[in-house]
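Please open the model in your viewer and keep the selection panel at hand. The tour moves from one selection to the next and says what is found at each stop.

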Amino acid sequence: MASIHAVTVPKWGLSMDKGAVMAWHKQPGDRVRKGEDLVDVESDKIANVVECPADGILRRQVAAVGDVLAVGALLGVVADEEASDAEVEVLVTQFQATFVPMEAAVAGGPQPQVVHAAGRRVRYLVMGEGAEALLLIHGFGSDLNNWLFNQEPLAAGRRVYAIDLPGHGESDKHLDTGSVDEYAACVIAFMDEVALSAAHFVGHSMGAAVALCVADSTPARVRSLTLVCPAGLGPEINIDYLTGFAEANSRNALKPMLSQLFADEALVNRKLVDDVLRYKRLEGVREALEKTIAAQFAQGHQRRLLRDVVGRLPTQVLWGAEDRIIPPQHAEGLRADVAVHRLAGAGHMAHMEAPAEVNRFIASFIARGL
Amino acid sequence: MAREISYQQAINEALRQEMERDPSVLVMGEDNAGGEGSPGERDAWGGVLGVTKGLYPKFPDRVLDTPISESGFIGAAIGAAAAGMRPVAELMFVDFMGVCFDQIFNQAAKFKYMFGGKAQTPVVIRTMVGAGLRAAGQHSQMLVNVFTHIPGLKVVCPATPYDAKGLLIQSIRDNDPVIFCEHKLLYGLKGDVPEESYAIPFGEANVVREGKDVTIVTFGRMVHLSNEATAELAKAGIQCEVIDLRTTSPLDEDTVLESVAKTGRVVVVDESNPRCSIASDISSLIAMKAFGDLKAPIEMVTAPHTPVPFADSLEDLYIPGPAKIRGAVERVARYH
Amino acid sequence: MTQLSKAQLLQAYRTMRTIREFEERVHAEFATGTIPGFVHLYAGEEASATGFCMHLRDDDYIASTHRGHGHCIAKGVDPVEMMAEIYGKATGSCRGKGGSMHIADLSKGMMGANGIVGGGGPLICGAALAAKYKKRGGVGICFFGDGASNQGTILEAMNLASVWDLPAIFVAENNGYAESTSSTWSVACDNIADRASAFGMPGVIVDGFDFFAVHEAAGEAVRRAREGGGPTLVEVKFMRYYGHFEGDAETYRGPNEVEKLRHEKDCLLRFRNRVTSSGEVQASELDVIDKDALALIDRAVAKAKADPKPKAADLLTDVYVSYP
């Protein structure tokens with residue numbers, strides 16, 4: 001039975017409604033494997049690569065480099081040798097005849113919501129349905145949008161929450177101290193507010209330290225921990241990045257900071273920088289970031305170390321091998337039952353640079369735990 | 001929260017948030033509330049186009065209607081600023097600057113310098129600029145270049161709702177006199193604007209669109225007409241980089257020159273008349289500082305050297321449109 | 001007997017004498033060619049600035065004219081710094097960047113002499129508006145000339161002050177000439193004060209050579225303003241001793257016009273005569289003040305001549321509070 005797969009423009013993030021084809025990695029006739037990089041697509045916010053959906057041969061490149069297509073549009077066709085050219089042609093014709101580009105709002109589906117938890121406004125986004133719940137917690141200076149390659153795939157058969165921590169995104173900007181404990185208390189208050197009794201936590205960077213802190217104080221709320229490039233496992237940190245990020249108030253000052261987050265600096269495009277700049281200019285953000293730095297770091301080192309929390313409940317650590325913010329060496333010497341995975345070619349934002357791998361690790365980790 | 005509001009609402013919100021934050025912020029101008037002394041409603045107009053509506057009920061002692069005496073109340077705003085308040089005065093149409101220009105360019109602009117640094121004049125003068133409303137010669141000018149010429153003034157021209165709110169908040173907080181130019185045709189334009197307060201620094205141009213072939217330098221409403229032109233040009237394979245100056249004084253030279261270094265080809269788009277304009281200012285700057293980068297002569301797309309005509313057919317010819325912009329970009333792109 | 005204390009009488013005389021000596025000396029120095037630019041002398045008009053400013057505090061504001069030295073001294077601006085400013089030196093009130101027509105000291109509520117005729121009217125409305133918000137009973141006085149009384153800015157300012165109920169006082173110093181033309185010709189009505197009712201405020205006329213008359217009318221107007229009674233227009237009638245500017249040949253004046261004024265009307269002479277004949281002050285006490293004033297001005301001129309000019313780098317500073 002011939003298997004024919006349409007490769008389509010994926011939706012990365014809430015507001016993406018179209019993408020531009022930047023480069024093909026494979027040519028018609030090439031043998032391809034499931035998960036291989038197939039074609040680079042760029043939305044106005046971010047560039048990423050579309051992976052091959054199945055083993056087979058790339059039969060058609062429907063979209064050419066430079067084409068701008070709606071989310072869901074046909075990029076190409078992968079099929080095995082058994083599929084005839086005629087069958088491939090039929091798929092293409094039928095697809096193009098019936099394809100209707102969705103409005104961003106319709107295609108968007110879930111929209112972020114706001115709750116008030118312990119006197120603070122918290123923005124969050126919840127997607128998907130399922131027996132297992134996940135809670136994604138971003139890092140310093142970031143927001144729930146940084147899970148744009150992760151939240152939707154993980155929401156297949158699971159209920160996935162992503163929040164904006166206080167001082168970040170569109171949550172309240174006020175912080176009392178900016179300590180990890182304060183952030184953790186806010187996360188717990190949020191969970192209470194949305195009646196989320198427990199979840200599998202996925203934390204990035206400072207968000208991982210926050211997750212560890214919640215696991216430390218109220219372990220009953222945490223089903224498992226996935227720590228992505230986590231803070232809290234060792235004292236070293238690129239403090240110049242943190243202070244530089246907090247101080248930067250122009251494109252030229254911010255861009256070199258953001259570039260340090262990625263192994264591939266080309267991912268830091270103008271729109272990304274502008275979005276971060278817009279966030280940084282909001283009232284109270286500078287103070288929030290500076291308070292956080294003062295509370296969580298001393299003499300350029302992390303204050304709150306939570307290594308002993310690692311492993312009290314099921315924990316895995318994913319680390320971008322080229323992380324320039326927190327050294328991946330912090331994952332060495334952990335308990336033997338803690339899985340540690342190095343992600344080659346990824347920097348500190350490993351969940352954005354190697355999303356498919358990260359999503360697979362999370363999915364299989366959660367499944368194993370059931 | 002990011003939500004969509006209009007340019008006009010963004011300005012209103014900036015005023016409201018700053019008045020909430022700082023009791024020394026005043027709003028004054030002709031009909032800024034409306035109805036003063038009249039038998040009917042107070043806050044009858046909230047400004048001739050409703051931009052300041054709703055402020056008077058919230059701050060009844062800080063929103064002042066004025067008689068029609070620009071010299072008097074613009075000068076009063078300036079005097080009040082020198083005496084410690086933060087007035088936001090409205091010069092209803094920039095075309096009326098003739099009757100109060102002395103207070104602006106000889107008094108406000110020069111106090112700090114002439115008094116040896118021992119004064120500051122944190123006044124904002126909001127004013128409507130631009131053509132397209134069929135308002136004819138005395139209600140449709142830009143005149144941004146005239147203010148830009150004067151040392152001691154800062155001149156701001158937001159093109160989007162996001163920029164309007166952030167730049168007005170910055171203007172109110174700035175300790176120098178600021179001329180804040182609101183394009184009449186942009187009032188209804190909607191865009192994402194955070195509910196929270198934020199300030200955009202002066203002297204930072206916005207790269208609205210990136211492109212490797214031709215640089216378009218522009219400001220105000222022309223940003224949007226340039227964007228229309230660039231969409232068409234992209235189809236023809238010409239990728240334009242569009243730079244919105246945002247503030248003509250202070251001017252972000254670096255962003256302009258960086259872009260010229262990249263593309264080597266420049267079109268400057270300015271709704272004003274061409275002589276001694278922002279366009280000619282930018283053109284001379286580029287010619288002087290980026291001569292080696294240029295692969296083609298600089299082109300300016302401006303209005304003709306005439307007053308703004310009334311008849312719609314003529315006004316539409318007067319205003320530089322996407323077709324004219326496209327023509328200039330194509331010439332510059334093809335030049336060898 | 002006057003209604004002023006001895007201390008006040010001595011203060012008034014000192015202020016007027018300081019202004020007189022200042023102006024006479026500038027007149028002499030200007031003729032030697034050492035003073036750059038334009039100067040406009042207030043000699044003869046001292047009673048006006050003194051009579052009004054004696055009722056003011058540092059946080060009351062005044063706006064002045066191109067003929068501003070007298071207002072500056074009466075409001076408390078340091079005459080030594082003023083002289084240095086006139087000479088364009090770095091030690092001047094404005095660090096040499098303003099000159100005679102732009103001397104200001106906002107810490108003393110002096111919003112500046114002004115090179116634009118009528119420029120101060122709207123500015124004082126602003127200061128008076130600010131005073132209302134500050135709620136400390138502050139007032140603003142706009143000094144302007146008979147020439148400025150015809151400028152749109154002054155008319156607008158008077159209307160605005162009434163409409164907004166501002167604690168502002170408009171002092172029309174009618175010194176007989178606006179540049180070379182007579183005020184009796186250029187002002188359409190008989191008295192500038194006649195315009196007051198047109199703008200909804202009381203109008204008062206005083207003899208500008210009589211310090212006591214000015215002081216009393218000024219007190220009335222300032223009190224009204226402080227108590228929330230709104231603006232007043234006071235017309236001070238006198239004559240200036242010198243030309244519109246130094247270098248003015250004054251061919252438009254009548255024969256011996258100034259000589260007659262100095263003998264028959266001079267405000268300092270009249271003051272001296274009045275307070276000595278009533279016995280409130282001894283002539284010798286006034287003589288001491290005369291000497292002090294001369295010494296002060298001597299010191300000011302010597303210092304102004306010796307002090308350095310601004311440095312080249314000062315050219316580019318103070319355009320803005322912040323860059324950008």
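Predicted model: local features only at pLDDT ≥ 70, side-chain atom pairs only at ≥ 80, totals over all residues.

The domain assignment gives 4–105 as domain 1 and 110–369 as domain 2 of chain A. Where the two domains meet, domain 1 of chain A supplies 10 residues to the contact and domain 2 of chain A supplies nine. Colour the domain 1 side of that contact by residue class, and it divides into four charged, three polar and three nonpolar residues.

Next, display the chains together. Chain A and chain C do not touch, their nearest C-alpha atoms being 13 Å apart, whereas of the two pairs of chains that touch, it is chains B and C that have the most contacts between them.

Stay with that pair and select the residues of the contact, to which chain B gives 36 residues and chain C gives 36 residues. On the side of chain B that touches chain C, the elements giving two or more residues are helix H3 (70–82), helix H4 (101–108) and helix H5 (111–114) of chain B, and H3(B) provides the largest share, with 10 residues. By class, this side of chain B holds 16 nonpolar, 15 polar and five charged residues.

Now move within chain B to an open sheet of five strands, which can be traced in the order E9-E11-E10-E13-E14 and whose pairing is mixed. Strand E9 (206–209) and strand E14 (299–301) of chain B are the edge strands, each pairing on one side only. If you look along the sheet, neighbouring strands are turned by 25 degrees against each other on average, direction ignored.

For a view of one pairing, select strand E10 (residues 214–218) and strand E13 (residues 266–269) of chain B, which pair in the parallel sense over four bridges. Centre on B:Val217, whose bridge partner in E13(B) is B:Val268.

Helix H12 (residues 322–334) of chain B lies across E10, E11, E13 and E14 of chain B, and runs at about 175 degrees to E14(B).

Note on methods. Residues numbered from 1 in each chain as written. Chains lettered and ligands numbered in written order. Contact = placed C-beta atoms within 7 Å. Domains from an automatic or database assignment. Nonpolar A, V, L, I, M, F, W, Y, C, P; charged D, E, K, R; others polar. Pairing = 2+ DSSP bridges. Axes fitted to C-alpha atoms, helices over the stretch in contact; angles between N-to-C directions.
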